[in-house]
Amino acid sequence: MDTARIAVVGAGVIGLSTAVCISKLVPGCSITIISDKFTPDTTSDVAAGMLIPHIYPDTPIHTLKRWFKDTFDHLYAIACSAEAADAGVHLVSGWQIFQSIPAEEVPFWADVVLGFRKMTEAELKKFPQHVFGQAFTTLKCETSAYLSWLEKRATAVM
């Protein structure tokens, strides 16, 4: 049987993540990453992010939650590994504060992040312009480090 040859377009977080996932799902395949820019010159290189999902009106909540949980679990495993520092993936705790009470005080993803709770009145007093807040632990991804980490994995299987 011939070796599967697969092309992935893009060398940002999505492109490199896709290449790594494909290498695991199709062992022995040949992967080519096609991109006009590679790290450190991608859009992903200048981004960093806290993992908090957004609602997309045409996507069912159960699908959004599954995507978020899959992503959280994947990044959490990296954050708990010896490779966390090299990958730039870490746990981070904080508050999300609101100037008005949100429609959903407990969002669909509350049971995915760690330690989700509504902020106390004492905590909210530190933010006088805000009337509601949530406290939780999620993941932070420093994408410049994460891209280098992904690139090493992607090129190791090519």
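Which residue forms a salt bridge with Lys 65? Asp 111 does, with the closest N and O atoms 2.8 Å apart.

Some ground rules. This is a predicted model: local features need pLDDT of at least 70, side-chain atom pairs count only at pLDDT 80 or more, and totals for chains, interfaces and linings use all residues. Residues are numbered from 1 along each chain as its sequence is written, and side-chain values use heavy atoms, with hydrogens and water left out.

Now the bridges. A salt bridge here is a side-chain nitrogen of Lys or Arg within 4 Å of a carboxyl oxygen of Asp or Glu. The structure holds six.

Back to Lys 65 and Asp 111. This pair links distant parts of the chain, 46 residues apart. Lys 65 sits in helix H2, residues 61-79. Asp 111 lies in the loop between strand S4 (89-98) and strand S5 (114-118). Helices (H or I, at least four residues) and strands (E, at least two) are DSSP runs, numbered from the N terminus.

Buried or exposed? Buried means under 20% relative accessible area, exposed over 50%, partly exposed in between (1.4 Å probe, protein chains only). Lys 65 is partly exposed at 26%. Asp 111 is exposed at 56%.

Next pair: Glu 83 and Arg 153, a salt bridge at 2.0 Å, N to O. Again, distant parts of the chain are linked, 70 residues apart. Glu 83 is in the loop between H2 and helix H3 (84-87). Arg 153 is in helix H5, residues 143-156. Glu 83 is partly exposed at 33%, and so is Arg 153, at 28%.

One more. Arg 117 bridges to Glu 123, closest N and O atoms 2.7 Å apart. Arg 117 is partly exposed at 36%. Glu 123 counts as buried, at 14%.
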